[in-house]
Amino acid sequence: MKLTLKIWRQKNASDKGAFVTYPIDGISTDMSFLEMMDVLNEELAVKGEDPVHFDHDCREGICGMCSLYINGHPHGPKQTTTCQLHMRSFSDGDTITIEPWRAAAFPVVKDLVVDRGSFDRIIQAGGYVSVNTGGVPDANEIPIPKRIADEAFDSATCIGCGACVAACKNASAMLFTSAKISQLAMLPQGQVERMSRAEKMVAQMDAEGFGACTNTGACEAECPKGISLTNIARMNREYFSASVKSENV
Ligand code: SF4
Ligand code: FES
C-alpha cells in the first residue's frame, strides 16, 4: 500500500506544533498500525531525521499505552486499541491524519506522546483497597454472586488508555473514573473505603481539569474495551450517597 501520513509534530510541551506530511510506500495490509509507524521511523532514522515519538508497550491491547488519534477517532476507525488496529482497515492511496490525544489534562510531551499522569493521580486518590484481603485462596473463599463478579470484571477491563477523554467534547474522564470506582464498589473487598473513594476520586478528577460529562456517549462508542455508560450512572449514585453521608460536610 502507498499512503500519505499527516502527522502532528511538536518538539516539546511549549512548542506550537504543526502537521508534517510523509509519503510512505510498501506497507503490508497485515502490518499493525504501530508497525507501519515503525517503518516510517526507520526511514526517518536512515535519513538522519528525528523519528516520530509515540507511546506503546505491550502491543497486545492490554497496557493502554498506545494513544493515537487517527482520522478523527481515538485509536482509529475500529473499536480497538491502536496496537491492535491493522492496515487492512485502510485502502491503498489513503491519507491518514495522526494526532495526539487532545485534552488540557493530557499535555503533549513530544509529537504524539501525552502525559497521562492525571489518570495515575486519580487512582492514587482512591482507586485501591487498603484492607488486607489475604492470599488468593483467602480471597476466593469470599462468596460473590456470579452476576456481580462478572459486572465488576467488566469494569476492571478498563486499561486506562484515555480514549474516552480524547473522544469527549469536554475532555471528560468520567468513563475511566467510573470504571475504576465501580470495579471496587461492587465487591466486598471494596466496601470499607467505598464512600471516601468516590468523593476523593471525583475531587481529583475535577482538580486535574477534566470536563463534565456531555451525555453524548462518545466515550462508550470509542472505548476499545466496551466500558459501559452504566458505570457513570453508578459513579453518580456512589458520589451522591457519599455526599449525603460524608464525614467531610
Ligand atoms: S474507559 Fe475505555 S477508553 Fe476510557 S480509559 Fe478505560 S479502556 Fe480507555
Ligand atoms: S501498546 Fe499496550 S494496549 Fe496498545
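Predicted model: local features only at pLDDT ≥ 70, side-chain atom pairs only at ≥ 80, totals over all residues.
Residues are numbered from 1 along each chain as its sequence is written, chains are lettered from A and ligands numbered from 1 in the order in which they are written, and side-chain values use heavy atoms, with hydrogens and water left out.

User: How many bridges join β1 to β5?
Analyst: On its other pairing, with β2, strand β1 runs in the antiparallel sense over 7 bridges, and Leu5 has Tyr22 in β2 as its bridge partner. β1 and β5 run parallel, with Lys6 standing opposite Thr97 in β5. The number of bridges that join β1 to β5 is 4.

User: How many of the 7 residues of β1 are buried?
Analyst: Buried means under 20% relative accessible area, exposed means over 50%, and partly exposed lies in between (1.4 Å probe, protein chains only). By that criterion β1 is largely enclosed by the rest of the structure, because the count of its buried residues is 5.

User: Why is the pair of Trp8 and Phe19 edge-to-face?
Analyst: Rings of Phe, Tyr and Trp (its six-membered ring) pair if their centres lie within 6.5 Å, with planes under 30 degrees apart counted as stacked, over 60 as edge-to-face and the rest as tilted. The structure holds 6 aromatic pairs. In the pair of Trp8 and Phe19 the ring centres are 5.1 Å apart, and the pair is edge-to-face because the planes stand at 80 degrees.

User: How many residues apart are Trp8 and Phe19, which link distant parts of the chain?
Analyst: Trp8 is buried, with a relative accessible area of 12%, whereas Phe19 is partly exposed at 37%. Trp8 belongs to strand β1 (residues 3–9) and Phe19 to strand β2 (residues 18–24), and the two are 11 residues apart.

User: Which residue has its charged end over the ring of Trp8?
Analyst: A charge sits over a ring if NZ of Lys or CZ of Arg is within 6 Å of the ring centre and within 35 degrees of the ring normal. Lys6 lies over the face of Phe19, at 5.9 Å from the ring centre. Over the ring of Trp8, at 4.3 Å from its centre, sits the charged end of Arg102.

User: How many residues apart in sequence are the parts tied together by Phe106 and Phe210?
Analyst: Phe106 and Phe210 form an edge-to-face pair, 5.6 Å centre to centre with 80 degrees between the planes. Phe106 is buried at a relative accessible area of 1%, and Phe210 also counts as buried, at 7%. Phe106 lies in the loop between β5 (95–99) and β6 (108–110) and Phe210 in the loop between α7 (194–207) and α8 (218–222), so the separation of the parts they tie together is 104 residues.

User: What is the volume of the largest cavity?
Analyst: On a 1 Å grid over the protein atoms alone, a cavity is a set of points where a 1.4 Å probe fits but cannot get out, and lining residues have an atom within 4 Å of a point. A search of the whole structure finds 1 cavity of 30 Å³ or more, and its lining residues include Phe119, Cys158, Phe176 and Lys225. Grid points are joined across faces, edges and corners, and a volume is the space filled by probe spheres set on the points; for the largest cavity it is about 80 Å³.

User: Is Asn215 buried or exposed?
Analyst: Asn215 is found in the loop between α7 and α8, and its phi is near 65 degrees, a positive value in a residue other than glycine. With a relative accessible area of 71%, Asn215 is exposed.

Conventions:
1 Å grid on protein atoms, 1.4 Å probe; cavity = no way out; pocket = protein on both sides within 12 Å on 5 of 7 lines; lining within 4 Å. Pairing = 2+ DSSP bridges.
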